[in-house]
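Open the structure in your viewer and keep the selection tool at hand. Each stop below gives you something to select and tells you what is there.

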Amino acid sequence: MRVKLEYGRDGLEIELPDRNTMVVEPVFVPGVANERETMVQALRSPIGSRPLAELVKPTDTLAIVVPDITRPCPTDRMLPPLLEELSYVPHKQMTIIVGTGGHRANNPDELRRMLGPEAVNNYRVVNHDALDDSSLAFVGTTRRGIEVFLNNKYLRADKKILVGFIEPHIFAGFSGGGKGVLPSVAGQRTILRHHNGPMLANPNATYGISQGNPAFEEIREAALMTNPTFILNTTLNKKRETTGIFYGDMVAAHDKGIEFCRKTALREVPHRYDIVITTNGGYPLDLNLYQAIKGMTAAARIVKDGGAIIEASECCEGLPDHGRYPELLHMFDTPRAAWDAVCRPEFCIFDQWEIQLQAAVQMRSDVYFYSTIPDAEVRAAMGLEPIHSVEETVEKLLRKYGKDASICVLPQGPFTIPYIADAAERQAAKT
């Protein structure tokens, strides 16, 4: 059986035994016809909202929040119809804010690729900086006690537009919607409080769950504090074609998009597997190891205790070399030590959430990692095992588990939410 894994920009083809291998991907939905026209129509006939042109006056100032380079959002295709619809608003009154959350700033070349040259040349574009307290303002406190500090430029705008796309999310259930506010334009203190150990240890803070997911609920509550005017959310297939367009009221449009995404991404499997092969969805999601933890957690949903996960993620930016994730990797000798430390409420270091999620996977299974990261750095990442051939690693594991050991492949990694076909998990998948 030949399988193409989403790896970097070009993919990675591997050969696997037919007899005991199952491939699990999202339900394929073709891209919408006449994408631009459909987007224009969505701006004029939105979900749960009046048309955008009726909400924005020529005298309004606007903040348009867009995802950063680590997300495959088709922002360059979504912005032109939006900006054309708002052409009656002077350019000087509009700011495009790149919602980096806690990630690095995006460089000029990346901005041109992400937004398109017209947007970069004609509008003010700024990177959010979660570490710059002078650029933040206090909004309020959520019901769970999280103090919400957000980007000043976003808050000062008369009208606020959130651009994003909806996919399964490692702990928020689904991306899109309020994630355009938290963490996209939030300060580091707010992100730390939201992404803390007890929050992520909650069993409902995981892929595919929105109702009862404390992480999802806090994101939505924080976003609604700012009265966002309008959202532009899409869904994508593996060709990065737009499959659904969900524009309008933040709650109504996002919920509609979640419903659509759930039907395509959730895939039932009959049992747990000895070996699960996964990816992080290819470029740009597999830019670095920090991002690639998502692929591991998707595989962990269906791997046997004591089984093996093989992940292929290019990681052209390494660990990366920014943020505190690399420092945290070297802080603990074992995944158990990392988990125990990070789950304490008093533990508070930026990027700790990725260590926590990685530790949870490694405590249950061995993780073999195919990437461009040097072997020594992979081994130092809490004991991940570097490999140079997915096929050879599979052969080695079949000798360990037996020639009939079960194998499951998630070629698109966390774009798929696999779940076990028992009554309890069926119910959870519908929640």
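Select helices H3 (75-85) and H4 (108-115): each supplies at least two residues of the lining of the second largest pocket. Helices here are DSSP runs (H or I, at least four residues), and strands are runs of E of at least two, numbered from the N terminus. The model is predicted, so local features need pLDDT of at least 70 and side-chain atom pairs pLDDT 80 or more, while totals for chains, interfaces and linings use all residues. Residues are numbered from 1 along each chain as its sequence is written, and side-chain values use heavy atoms, without hydrogens and water.

Stay with this pocket. H3 gives the most to its lining, with 3 residues. The lining has 25 residues in total; Arg71, Pro72, Arg240, Tyr283 and Pro284 lie nearest the centre.

Next, select helix H11, residues 289-300.

Zoom in on the start of H11. There, a side-chain oxygen of asparagine 288 comes within 3.3 Å of the backbone nitrogen of tyrosine 290.

Last stop: serine 365, in the loop between helix H14 (352-362) and strand E17 (366-370). Serine 365 counts as buried because its relative accessibility is 4%. Beyond its neighbours within four places in sequence, serine 365 is in contact (heavy atoms within 4.5 Å) with Val303, Gly307 and Ile309.

Conventions: On a 1 Å grid over the protein atoms alone, a cavity is a set of points where a 1.4 Å probe fits but cannot get out, and a pocket is an open set with protein on both sides within 12 Å along at least five of seven lines; lining residues have an atom within 4 Å of a point. The expected span of a helix is 1.5 Å times one less than its number of residues. A polar contact is a pair of N or O atoms within 3.5 Å; within protein, one must be able to donate a hydrogen and the other to accept it, and residues adjacent in sequence count only if both atoms are side-chain atoms. Buried means under 20% relative accessible area, exposed over 50%, partly exposed in between (1.4 Å probe, protein chains only).
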